[in-house]
Structure formats: C-alpha cells, structure tokens
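I opened the model today to look up strands, a pocket and a couple of single residues. My notes follow in the order I took them.

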Amino acid sequence: MAIASINALPRDEKAKKARAEGFIPAIIYGKDIKPTPVKFEEGPIKKVIHQHGERAKVKVHIGNEESLGVLKAVDRHPTKGSIVHMDIQLVKADQKINWEIPVVFNNTENLDSKKLILQINMDQIEVSGTPSQIPDKIEIDVADKEAGDTITIGDLKLPEGVEILKETGEPIAVITYGNMEEEADDSNEESVESEPIEE
C-alpha cells in the first residue's frame with residue numbers, strides 16, 4: 001500500500017486555539033527528536049485516515065524536510081467523534097518499533113449463513129518490527145470456522161521479522177452459536193403459555 005503524505009505546520013498556539021481555527025493539533029516525536037507541537041489541515045488528515053486507517057504509515061513534510069512516520073494515537077471527541085489530537089512517531093526505515101495494527105476478519109457472512117456468531121476479543125494486536133516489515137493490517141479468514149473454534153495469537157501469520165508482543169495462546173476470537181438466548185427465551189415463554197390457568 002502506498003504511504004500517504006501529510007504537510008505539518010509549525011504550532012505555537014495551544015491545541016484548543018488550533019482546533020478553533022480549523023486545524024488538528026498534534027505532537028511529533030521520535031528517537032533523538034524533541035517532541036514538537038504541529039498542526040494539520042483537517043481535510044487531508046481525514047482523507048488519509050479514511051483511506052489508510054488510524055495506524056497508517058505517513059510521510060510527514062515539515063518545511064523542506066520529509067520524514068517517515070507512523071500514527072501512534074488518534075484522539076477523538078467522546079460524543080462528536082471528530083479528531084481532536086494526534087501523536088506521530090518519526091522513524092527510520094530500518095528502525096525497530098512497537099506498533100498496534102488492526103485485525104480484520106474476512107468472510108464473516110459465511111458464519112451468518114450458519115447462524116454462528118464471531119465474538120471478537122481483540123481488534124488490534126501490538127507487534128514489533130521495522131516500518132517496512134510491519135503490515136498495515138492482519139487478515140483472518142473465518143469462512144470455514146465452526147461453533148467452538150477459537151482463534152489465538154498463535155494462529156496469526158506475519159511477515160518474517162515481525163514479532164507479536166503477546167502470548168501465543170491468548171484468544172483473539174471465538175465462534176459460537178447464534179440466538180441461543182433468544183431460543184431459550186422463546187422456549188420458556190411457550191412453556192409458561194402451555195400451563196393450565198387455575199381459576
């Protein structure tokens with residue numbers, strides 16, 4: 001996937017003022033780099049996140065300089081959902097970093113057709129590797145899964161050089177039967193209705 005480019009502007013004002021002026025405030029930091037407050041135009045940032053996600057790799061332009069970075073945190077307003085702040089870590093292409101990437105479950109419609117439910121315990125996983133090695137997401141195919149199946153950390157397949165920072169036995173998701181509670185409720189209702197009414 002292509003790496004998105006974003007233009008950072010210097011920020012002297014407080015984050016609240018930057019937001020009031022239509023910008024998204026952010027902090028840029030990295031190894032041997034002092035944390036620096038910057039701001040971004042809202043439109044381009046929203047487009048990048050829509051296309052590449054909240055853990056995207058980005059090329060950050062600051063003046064005439066270009067640096068490779070990763071979105072480490074995207075903070076949103078609790079009710080409006082708008083982006084209120086971002087943290088961006090600048091990295092070298094061969095620098096090893098810890099990074100959380102999303103887990104995407106494919107072919108969930110196959111479970112629906114079998115009246116099964118996918119119970120997700122983790123929708124993102126923390127991994128370690130270089131930016132060039134770490135994928136944008138981890139995909140899991142659940143098309144052939146059946147009730148009782150458990151997907152664990154150890155089932156994930158990652159590129160060489162990428163390490164998952166969790167125990168391999170930890171469950172990511174479990175496949176269960178659907179509507180069991182509803183069927184139980186219906187059964188209880190039927191049994192109650194079938195009882196004779198004493199006068």
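Before anything else I wrote down the cut-off: a residue is buried when its relative accessible area is under 20%, exposed when that is over 50%, and partly exposed in between. I also noted that this is a predicted model.

**Entry 1: Ile153**

Buried or exposed, I asked of Ile153? Ile153 has 3% relative accessibility, so I put it down as buried. I found Ile153 in the loop between β11 and β12. Then I listed what Ile153 touches, skipping residues up to four places away in sequence: Met122, Ile125, Ile164, Lys166, Glu167, Thr168, Glu170 and Ile172. For one of these, Ile164, I checked the spacing to Ile153: 11 residues apart in sequence, 7.9 Å apart in space, C-alpha to C-alpha.

**Entry 2: Ser82**

I took Ser82 next, which is in the loop between β5 (65–76) and β6 (83–91). With a relative accessible area of 29%, Ser82 counts as partly exposed. Setting aside neighbours within four places in sequence, I found Ser82 in contact with Asp75, Arg76 and His77. I also looked at Ser82 and Ile24, which are 58 residues apart along the chain, and got 9.7 Å between their C-alpha atoms.

**Entry 3: the barrel**

In what order do the six strands close into a barrel? I read it as β1-β3-β2-β6-β5-β4, with mixed pairing. Neighbouring strands here are turned by 45° against each other on average, direction ignored. I picked out β1 (residues 4–10) and β4 (residues 57–62), which pair in the parallel sense over five bridges. Ile6 stands opposite Val60 in β4. I then followed α2, which lies across β1, β2 (23–30), β3 (33–41), β4, β5 and β6. Against β3, α2 runs at about 100°.

A reminder to myself: strands of a sheet pair through backbone hydrogen bonds, either parallel or antiparallel. I found three strands forming an open sheet in the order β8-β13-β11, with antiparallel pairing. β8 (116–120) and β11 (150–152) stand at the edges with a single partner strand each, so one side of each has no neighbour in the sheet. Neighbouring strands of this sheet are turned by 15° against each other on average, direction ignored. How many bridges join β11 to β13 (residues 171–177)? I noted three, with the strands running antiparallel. Thr152 stands opposite Pro171 in β13.

**Entry 4: β7, β9 and β12**

I traced β7 to β9 (residues 124–129) and got antiparallel pairing over six bridges. Pro102 stands opposite Gln124 in β9. From β9 I went on to β12 (residues 163–164), again an antiparallel pairing, over two bridges. Val127 stands opposite Ile164 in β12, and Ile164 is one of the residues Ile153 touches.

**Entry 5: the largest pocket**

I noted a volume of about 200 Å³ for the largest pocket. Which of its 12 lining residues lie nearest the centre? I wrote down His52, Gly53, Glu54, Pro102 and Asp136. The elements giving two or more residues to the lining are α2 (42–52) and β7 (97–106). I sorted the lining into four nonpolar, four polar and four charged residues. Pro102 had already come up in my notes, opposite Gln124.

Key. Residues numbered from 1 in each chain as written. Predicted model: local features only at pLDDT ≥ 70, side-chain atom pairs only at ≥ 80, totals over all residues. Heavy atoms only, no water. Pairing = 2+ DSSP bridges. Helix = DSSP H or I, 4+ residues; strand = E, 2+ residues; numbered from the N terminus. Axes fitted to C-alpha atoms, helices over the stretch in contact; angles between N-to-C directions. 1 Å grid on protein atoms, 1.4 Å probe; cavity = no way out; pocket = protein on both sides within 12 Å on 5 of 7 lines; lining within 4 Å. Points joined across faces, edges and corners; volume = space filled by probe spheres on them. Nonpolar A, V, L, I, M, F, W, Y, C, P; charged D, E, K, R; others polar. Buried < 20%, exposed > 50% of the residue type's maximum accessible area, 1.4 Å probe, protein only. Contact = heavy atoms within 4.5 Å.
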